[in-house]
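Please find below a colleague's note, arranged as numbered points. It is meant to be read with the sequence and the structure in view.

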Amino acid sequence: MANANCIILALSLVALLSLHHVEARPSPSAAPTAPDHLTSSRGAVPPALKAVCYKTEFPNVCISKISPLIGLTQKTNPTLILHLGLKALARETHKAINQTKTLFNDPNTKPEIADCLMVCLESYDDVLQNNDKAIPFIPGKDVGQLEAPLDATITMINDCNDAFTELTTEESPLKKINQNLLAIAKNNVGIWNALTA
């Protein structure tokens, strides 16, 4: 009988705790709704961003990398979106540089991989420099002046990939990083094309 009372008491406690847990959670309708201009991770994507990103080669990457950079009160337009695309590329390139330096400084990294990583560090630095060259030409929509640095960023990221093809038979530890950078760089060209169309 004592065992039966213990079991009943234990089941009652479990039921009571479950009920308390359910009551403590806010109902989905009580959650605040996000305003339209917030990013995709926090709410709706601004229509202008969606319209421009859907004209790029990698629309999901475009939205996911640019939307976090849009301020809560910023109005989106194609020129701002291109600025933010360049900012997204710079941000991701800085991450790539840090990850590449970590790999380069790892004592387990083979010498031929280290040689490739040095090429990549130089390429990433060139990406940042070309990004900086592109920014002043955005407001004037100077096609000739802006197109060259945008295209050059793609070439420079590919230079990093080519180093692994030419200098080693090992697979690049930067493959995914470079895929991400290439997607953003190609999207920036697509955004520019949408802006000048």
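1. Overall fold. The structure is a predicted model. The chain contains seven helices and zero strands, and its pattern along the sequence reads α-α-α-α-α-α-α. The chain has 197 residues, of which 36% count as buried.

2. Number and pattern of disulfides. A disulfide is a covalent bond between the sulfur atoms of two cysteines. How many disulfides does the count give? The count comes to two disulfides. When the bonded cysteines are counted along the chain, the pattern of links is 1-2, 3-4. Cysteine 116 takes part in no disulfide, and the nearest cysteine sulfur, which belongs to cysteine 120, is 6.8 Å away. Cysteine 116 has 0% relative accessibility and therefore counts as buried, the limit for that class being under 20%.

3. The link between cysteine 53 and cysteine 62. The sulfur atoms of cysteine 53 and cysteine 62 are 2.0 Å apart, and the two residues form a disulfide. Is this disulfide left-handed or right-handed? The torsion about its S-S bond is about -65 degrees, so the disulfide of cysteine 53 and cysteine 62 is left-handed. Both cysteine 53 and cysteine 62 are buried.

4. The link between cysteine 120 and cysteine 160. Here the S to S distance is 1.9 Å, and a disulfide joins cysteine 120 to cysteine 160. The link of cysteine 120 and cysteine 160 is right-handed, with 85 degrees about the S-S bond. What does this pair tie together? Cysteine 120 belongs to helix H5 (residues 111–134) and cysteine 160 to helix H6 (residues 143–167), so the pair ties together parts that are 40 residues apart in sequence. Cysteine 120 counts as buried because its relative accessibility is 0%. For cysteine 160 the relative accessibility is 0%, so cysteine 160 counts as buried too.

5. The buried face of helix H3. Which residues of helix H3 (residues 59–66) are buried? In H3, Cys62, Ile63 and Ile66 are buried. Seen down the axis of H3, these buried residues fall within an arc of 90 degrees, and therefore they line one face of the helix. They pack against helix H2 (47–53), helix H4 (78–105) and helix H7 (175–196).

6. The contact of H3 with H7. The axes of H3 and H7 are 9 Å apart, and the two helices pack at an angle of about 95 degrees. Angles of 65 to 115 degrees count as roughly perpendicular, so H3 is roughly perpendicular to H7. On the H3 side, the residues that meet H7 are Val61, Cys62, Lys65 and Ile66. On the H7 side, their partners are Asn180, Ala183, Ile184, Asn187 and Ile191. By class, the contact of H3 with H7 holds six nonpolar, two polar and one charged residues.

7. Valine 52. This residue is placed in helix H2. Valine 52 counts as buried because its relative accessibility is 8%. Leaving aside neighbours within four places in sequence, valine 52 is in contact with Pro78, Ile81 and Ile191. Valine 52 and isoleucine 191 are 139 residues apart in sequence, yet their C-alpha atoms are 6.3 Å apart in space. Ile191 is also one of the H7 residues that meet H3.

8. Leucine 128. Helix H5 holds leucine 128. With a relative accessibility of 13%, leucine 128 counts as buried. Which residues does leucine 128 touch, if those up to four places away in sequence are not counted? Leucine 128 touches Ala90, Thr93, His94 and Ile97. Between leucine 128 and alanine 90 the C-alpha to C-alpha distance is 6.0 Å, while the two are 38 residues apart in sequence.

9. Glutamine 99. Glutamine 99 is found in helix H4. Is glutamine 99 buried or partly exposed? The relative accessibility of glutamine 99 is 39%, so glutamine 99 counts as partly exposed. The C-alpha atoms of glutamine 99 and leucine 174 are separated by 8.6 Å, and the two residues are 75 residues apart along the chain.

Technical notes: Residues numbered from 1 in each chain as written. Predicted model: local features only at pLDDT ≥ 70, side-chain atom pairs only at ≥ 80, totals over all residues. Heavy atoms only, no water. Disulfide = S-S within 2.5 Å. Buried < 20%, exposed > 50% of the residue type's maximum accessible area, 1.4 Å probe, protein only. Helix = DSSP H or I, 4+ residues; strand = E, 2+ residues; numbered from the N terminus. Arc of directions from axis to C-beta. Contact = heavy atoms within 4.5 Å. Axes fitted to C-alpha atoms, helices over the stretch in contact; angles between N-to-C directions. Parallel < 35°, antiparallel > 145°, perpendicular 65-115°, else oblique. Nonpolar A, V, L, I, M, F, W, Y, C, P; charged D, E, K, R; others polar.
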